[in-house]
Amino acid sequence: MFDADEAADAEALNAIADGCDRFTPLVALDRPHGLFLDITGCVHLFGGEAAMMRMVCEMLTVQGFTVSAAIAGTARCARTLTRQVHGRIVRDGEEADAVRPLPVSALGADAAITGGLRRAGLKTIGDVAARAPHEITARFGAGFTLLLQQALGQSDAPISPRKPLPDYIVEKRFAEPVPPKP
């Protein structure tokens, strides 16, 4: 057992993020949990979502890391899934079905909220989602309600890429090809 070294952990996470830059330019740190990779428009370059996830996981496993990954329409849904399952790919609109059976601890809320949910008999995310939002907000706060909505795919929070996006874009338009004469 070793004492936590937050500086070394941050340095390692940055090094991992540097390695993930080859998969997408939109890599965001999610300290201390890990990374978010916005792979929108990139997966075809790697043979699809499953192949890309496999490549990322293999790259990190070879370096000695234990990896849990998921792909979902919202970053919070993907993070919620990685706490309980590995390798899950959730299609847009299926986020709620994917997270409903997971325990409330998978949401990553603080221990007081998780304990309060369990004392109230709400053991799974589906149990919490079945309650009216105003009930959950009144008891656990608006921040938790937003967290729940994001995990269910009803709302999203944008990620903040660690590298700035380029200020320019280059575009070249070509004339439509002339069809051959019959």
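Two strands are said to pair if DSSP finds at least two bridges between them. The model on display is a predicted one.

**First stop: the strand pair.** Select residues 27-30, strand E1, and residues 34-37, strand E2; they pair in the antiparallel sense over four bridges. Together E1 and E2 form a hairpin, with three residues between them. Now pick Asp-30 and look across to E2, where its bridge partner is Gly-34.

Extending the selection to the whole of H3 shows a mostly covered helix, with six of its eight residues buried. Among them are Ala-75, Cys-77 and Leu-81.

Select Leu-81, Val-99, Leu-107, Leu-117, Ile-125, Val-128 and Phe-144. Of the 24 residues in the largest nonpolar core, these touch the most other members. Helices H3 (75-82), H4 (95-99), H5 (111-119), H6 (125-129), H7 (133-140) and H8 (142-151) each supply at least two residues of this core. Which helix gives the largest share? That share, four residues, comes from H8. Centre the view on Phe-144 and display its surroundings: leaving aside residues up to four places away in sequence, Phe-144 touches Leu-107, Ala-109, Ile-113, Leu-117, Val-128 and Ile-136. A second, separate core has 17 residues, including Cys-20, Phe-23, Cys-42 and Met-59.

Select Glu-95, which is found in helix H4. Glu-95 is buried yet has no salt bridge, and the nearest side chain of opposite charge, that of Arg-100, lies 9.9 Å away. What does the side chain of Glu-95 reach? It reaches the backbone nitrogen of Gly-73, at 3.4 Å. Not counting residues up to four places away in sequence, Glu-95 touches Gly-73, Thr-74, Cys-77, Val-90, Ala-151, Leu-152 and Gly-153.

A search of the whole structure finds six salt bridges. Select Asp-21 and Lys-163, which form one of them, with the closest N and O atoms 2.6 Å apart. This pair too links distant parts of the chain: Asp-21 is in the loop between helix H1 (6-20) and E1, Lys-163 is in the segment after H8, and 142 residues separate them. Asp-21 is partly exposed because its relative accessible area is 22%, and Lys-163, at 40%, likewise counts as partly exposed. Next, select Arg-131 and Glu-135, whose side chains meet in a salt bridge at 3.9 Å, N to O. Arg-131 is partly exposed at 41%, as is Glu-135 at 39%. Finally, display Asp-18, Asp-21, Arg-162 and Lys-163 together; salt bridges that share partners join these four into one network.

**Last stop: the segment after H8.** Select Val-178, placed in the segment after H8. Why does Val-178 count as exposed? Its relative accessibility is 72%, and exposed means over 50%.

Notes: Residues are numbered from 1 along each chain as its sequence is written. This is a predicted model: local features need pLDDT of at least 70, side-chain atom pairs count only at pLDDT 80 or more; totals for chains, interfaces and linings use all residues. Side-chain values use heavy atoms; hydrogens and water are left out. A nonpolar core is a set of buried Ala, Val, Leu, Ile, Met, Phe, Trp, Tyr and Cys residues joined through side-chain atoms within 4.5 Å. Buried means under 20% relative accessible area, exposed over 50%, partly exposed in between (1.4 Å probe, protein chains only). Contact means heavy atoms within 4.5 Å. Lys and Arg count as positive and Asp and Glu as negative; His and the chain ends are not counted. A polar contact is a pair of N or O atoms within 3.5 Å; within protein, one must be able to donate a hydrogen and the other to accept it, and residues adjacent in sequence count only if both atoms are side-chain atoms.
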